[in-house]
Amino acid sequence: MKRTPWLIVGAGVLLAFVPQLGLPAFYDSLLYLMLSWIVLATSWNILSGYTGYFSFGHGAFFGAGIYTTSTLLARFEWPFLWTLPMAALVAATLGVALGAVVFRVKGVRGEVFALLTLAITFVIGTIIVNTPLDGGQGVSLSAVPVPHIGPTQSSTFYLLALAAATLTLLIAWAIAASRFGAGLFAIHDDEDAAEVMGVPTYRYKLTAFGISCALAGAAGGIHALFLSYVTSGEVFTIAVPLTVVLMSVLGGTRHWAGPAVGAVAITALLYAFTAADHAVAGKAVSGGVLIAAILFMPEGILPRLQGWFGRGRATLTGAAQPPSASASGSAVGDASPFAVPHPDVAAVLTSPAVAAFASASRHAVPADVLLRVRGLHKSFKGVRALAGVDVDVRRGEILGLLGPNGSGKSTFINVVSGHYVANAGEIVFEGRDLARTAAHRIAGAGISRTYQIPRPFARSSVLDNVALATLFGGGVHDLRAARRQAMAWLEFTGLQDKASARPDELNLHQRKFLELARALASRPRLVLLDEVLCGLTPSEIDDAVALIRRIREQGSTIVFVEHVMRAVMALTDRIAVFHHGELLAEGLAADVMQRPDVMTAYLGRPYA
Amino acid sequence: MHESGMAPAARAAGDILLEVRDLRVAYGAAPALWGVSLDVRAGELLCVVGPNGAGKTTLINTLAGLLRAGGGQMTFDGRDITQLAPHRFCAMGIAIVPEGRRLFTRMSVRENLELGSYLPAAKAYRTRSLDAALALFPALEEKLPQLAGELSGGQQQMVAVARALMARPRLLLLDEPSLGLSPLIVVDVFAAIRRINADGVSVLLVEQNVAMAMAVSSRAYVLEEGRIVAAGTPDDLLARPEIQRAYLGVRDDA
Amino acid sequence: MSAFTLPSASLLAQSILSGIFVGALYGLMGLGLSLSWGLLRLINLAHFAFAFLAAYLCYQLATMGVDPLLSLAVIVPAFFAVGGALHWVMARFAVTPLNSLLLTFGLMGIVEALIQSIWTADFRKLESGYSALKFKIGVLYVPIPELITLVLAVAISVGVWALLRFTNLGKALRAAAEDAPIASAFGVNQKMNALLLAGTCSALAAIAGVCLALSFTLAPSQMYAWIGVVFATVMLGGLGRALGPLLAGTLIGVSEAVTMAVTAPSWAPIVSFTLLIAVLVLRPGKAA
């Protein structure tokens with residue numbers, strides 16, 4: 001979809017000729033306001049819409065930009081245009097400083113983040129009012145000369161805002177179409193799963209916040225001179241953030257152009273009412289519009305329009321279509337998906353990279369230890385889930401983890417994959433101790449996992465769910481290449497027909513296979529499977545067992561938690577039995593299961 | 001009226017109290033129960049065993065009204081309860097001890113027990129029920145003012161059972177009462193369950209710990225992958241290869 | 001320029017007293033919001049709209065000769081009904097906490113427009129028999145309208161606390177807030193209880209509005225000025241706690257008043273918001 005940036009720029013260039021029409025200054029001002037709101041709403045959306053961290057502090061950064069410019073103009077007599085990058089810089093610095101602290105705190109999400117940012121607005125506003133920056137009387141800029149960019153003064157502001165809006169829309173589109181944007185959307189849907197999949201969530205949130213604030217600051221800089229008299233009371237209120245939220249939610253927060261649509265709609269609406277001398281009613285109507293939008297169109301106008309015009313399901317960027325299943329277009333249909341790998345699939349799976357690690361790991365030397373866990377402890381609020389676990393996982397094997405409910409098997413997987421942090425102990429993977437490493441780095445090191453209850457990214461397509469894993473765990477940086485590889489993995493697991501579907505359209509069996517495809521797409525050397533077979537019918541279990549075998553044949557080492565005994569007997573090289581957070585027994589499946597202490601643990605009393 | 005203050009069985013022992021026919025329940029998008037039929041007779045203590053993922057919790061939650069049945073029929077005391085609103089199950093005489101206890105952790109033990117007797121019919125007997133519960137679990141007496149979330153797993157299980165008893169149920173449902181508890185506590189809990197049943201309360205319990213469940217029950221069902229695959233007395237079932245295979249994966253022949 | 005000036009003892013004492021009074025109003029305004037957020041998981045910005053609407057109605061009735069306190073008899077049931085209706089709509093559409101924030105903001109806009117169309121944007125001051133009354137305790141002046149607010153705030157907060165703590169209904173509400181399905185498994189009809197609670201929260205907002213009308217000048221745009229400090233009160237006091245808003249409100253009110261006495265009035269907001277930020281960053285789990 002590389003046309004889009006040209007369309008945006010083209011529209012910007014075209015609209016630049018509007019002042020030549022010689023419209024009354026009023027229209028310039030109206031259009032200026034519309035464009036300014038486009039900048040504010042779109043920039044807000046880059047953090048809040050894409051990641052779901054709804055900020056109510058956008059007014060603070062807009063205000064920071066306003067006051068940076070007004071101070072530089074009034075006090076230091078800078079040329080106006082030079083104040084704009086400064087305004088952006090100050091706002092961005094403020095945002096990044098705030099984010100650096102706030103994003104580190106685990107509990108700050110959702111409503112808490114919203115209130116925090118709102119509080120920041122009032123704090124900054126109060127500081128500004130009480131210091132020489134504003135001093136309570138505001139700052140007058142009437143003496144400052146307005147640069148001659150357009151034929152009239154008001155058209156100058158229009159053109160500046162147009163430039164800012166074009167730039168902002170380009171940035172918003174570029175992010176949405178990039179790997180960075182894919183990560184942001186993943187954070188929105190399931191931050192923990194994204195982190196475990198390899199998305200550097202802290203860094204990404206901070207970057208998005210910084211960009212968002214910079215653009216708001218720049219808009220503020222322009223607005224300062226437009227107002228020509230700046231007061232803090234107008235700026236540091238709840239009005240700006242709430243309006244911005246309204247516009248974005250109305251237009252659609254998932255799409256880069258959604259906030260712009262909302263901004264145009266709301267500004268036009270308010271204008272219509274103000275012009276007709278019903279400003280008050282205009283407020284009521286916009287309130288009513290917001291209510292209707294929340295109740296009936298919670299995803300916004302744009303997605304609804306896309307749906308009507310059949311522009312395809314929601315995908316990573318909201319615009320692109322998935323690549324077709326294969327170049328030669330053969331229908332895989334009802335044939336067993338595991339029988340003959342499709343040429344494309346074979347190509348991917350036998351590519352040099354894959355072949356390299358496949359051959360490297362197919363040592364067939366059982367003593368080569370891939371993962372060594374010693375003394376692993378994990379407690380939750382006084383309950384000891386893992387009480388000192390020692391286990392070795394050998395390269396190329398399939399190790400089964402068994403044990404009654406509550407014995408610590410899932411906790412083990414959660415700790416090794418980084419979902420939880422161990423209280424004590426070491427987890428040495430290929431020579432590196434990963435025990436207290438961030439989850440996304442563990443994913444990068446070559447470990448991936450599935451969840452017992454599948455956790456797909458609900459608002460991305462099946463294809464994009466897998467593509468995300470390729471982008472972040474598999475070291476691929478190009479979206480298109482990632483999608484191609486993802487398609488190959490979907491074929492490997494038999495889900496290729498569902499590539500453009502949303503996860504909630506899949507049944508449980510398909511969702512589990514999606515989890516598997518996601519886990520594999522990052523080309524891990526160790527795959528952790530958490531009760532993958534739970535809830536499947538016997539024939540589905542057979543399919544899954546065959547698939548797991550093929551995964552091992554590709555060269556991955558597999559550790560899986562399972563209760564379905566026949567799968568355990570059929571697949572595992574060795575098993576480890578957990579009991580009350582400790583390892584009870586380890587060894588060949590047939591041997592271990594006959595041991596009296598294991599039988600007691602399972603059935604509760606010694607068996608003859 | 002029994003000494004313990006528990007509600008007497010409304011039906012003569014042996015009559016069918018709960019009748020489940022062809023129950024179909026979907027959990028989310030996935031079907032979890034594929035036509036389950038079972039009976040609970042008045043005064044019985046019976047168990048449903050099966051591996052993880054078999055649908056045991058889905059079954060019990062549906063019987064307690066926490067989940068909606070997608071098809072089939074449930075009849076309690078002669079009345080069709082299949083489409084009954086969730087909050088009316090308790091008034092019918094069904095109380096649940098849920099999986100993982102699910103106590104109100106931010107409320108005291110006493111308040112949890114009082115919640116159990118929220119309904120007017122149970123509230124009238126609140127003091128007597130509380131005395132009976134403490135007689136069953138003496139260790140709870142000193143824990144009454146403490147927050148439920150601060151108790152150990154075993155103590156929480158006791159509170160959960162006591163809470164359900166405060167509702168003066170005719171049918172007590174227990175979902176994996178042994179979960180996460182050490183073996184000694186499990187013995188205590190099951191002893192308590194036996195006493196409750198001896199006082200006339202019918203009990204349906206769902207368990208992964210086959211031995212304990214079979215030891216206390218008079219009848220059992222085996223649930224596997226959403227279907228009842230076997231039914232009978234504990235001795236019959238334990239001898240059967242299904243159980244051995246389901247839980248140990250080894251054949252009795254070798 | 002803000003210079004630190006140490007006020008006289010009596011001035012400081014009067015400041016603290018007025019801080020207690022305004023804090024009581026913060027607490028009263030925050031109570032309904034806190035209960036709604038903590039027990040129903042709905043963030044109801046319309047709370048402020050209801051408070052102001054009630055304030056204006058009280059004003060209107062006062063111009064027609066009705067005593068403000070008597071007007072409660074009409075206002076409270078009316079807003080109880082409105083609150084219940086609003087909750088019914090939100091429950092029916094399964095609105096998430098974040099969306100409830102947005103939706104009720106929309107409602108605020110509508111109510112503001114309604115107020116402005118009926119009463120215009122002019123400032124309105126309620127003149128009642130209480131307005132000019134005050135008495136002296138030692139060197140301190142105690143104005144009657146503010147005292148009424150304090151008494152109502154304390155009485156209602158304690159009453160709600162007792163209800164939540166000791167009554168069957170209160171326990172049911174607290175239990176359902178933590179685990180609604182299990183609460184209903186023991187017979188709690190949460191749908192009905194939620195409607196009752198939502199109605200009560202709106203009624204509380206209305207009472208706060210009447211107190212507001214007694215002490216403050218009204219203007220439609222003033223609605224938004226209270227949002228920040230009342231949210232600070234709610235979060236500091238802990239969601240869903242009956243006495244929390246009152247205590248937090250008093251803390252905020254007094255520290256604002258002292259700040260104003262020592263420096264300049266315009267510095268006052270920084271106290272409450274810095275406290276709020278500290279709470280949110282250090283104990284986010286406590287808040288939500």
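Modeller: The contact between the two chains draws 37 residues from chain A and 41 residues from chain C, two residues being in contact if their C-beta atoms, placed from the backbone, lie within 7 Å. On the side of chain A that touches chain C, the elements giving two or more residues are α4 (80–102), α5 (110–130), α10 (239–251) and α12 (279–296) of chain A, where helices are DSSP runs of H or I with at least four residues, strands are runs of E with at least two, and both are numbered from the N terminus. The largest share of that side, 13 residues, is supplied by α5(A). Sorted by class, the side of chain A that touches chain C holds 26 nonpolar, nine polar and two charged residues, with Ala, Val, Leu, Ile, Met, Phe, Trp, Tyr, Cys and Pro counted as nonpolar, Asp, Glu, Lys and Arg as charged, and the others, Gly among them, as polar. This is a predicted model, in which local features need pLDDT of at least 70 and side-chain atom pairs count only at pLDDT 80 or more, while totals for chains, interfaces and linings use all residues. Residues are numbered from 1 along each chain as its sequence is written, and chains are lettered from A and ligands numbered from 1 in the order in which they are written.

Within chain C, 80% of the contacts with a separation of 6 or more join residues 24 or more positions apart.
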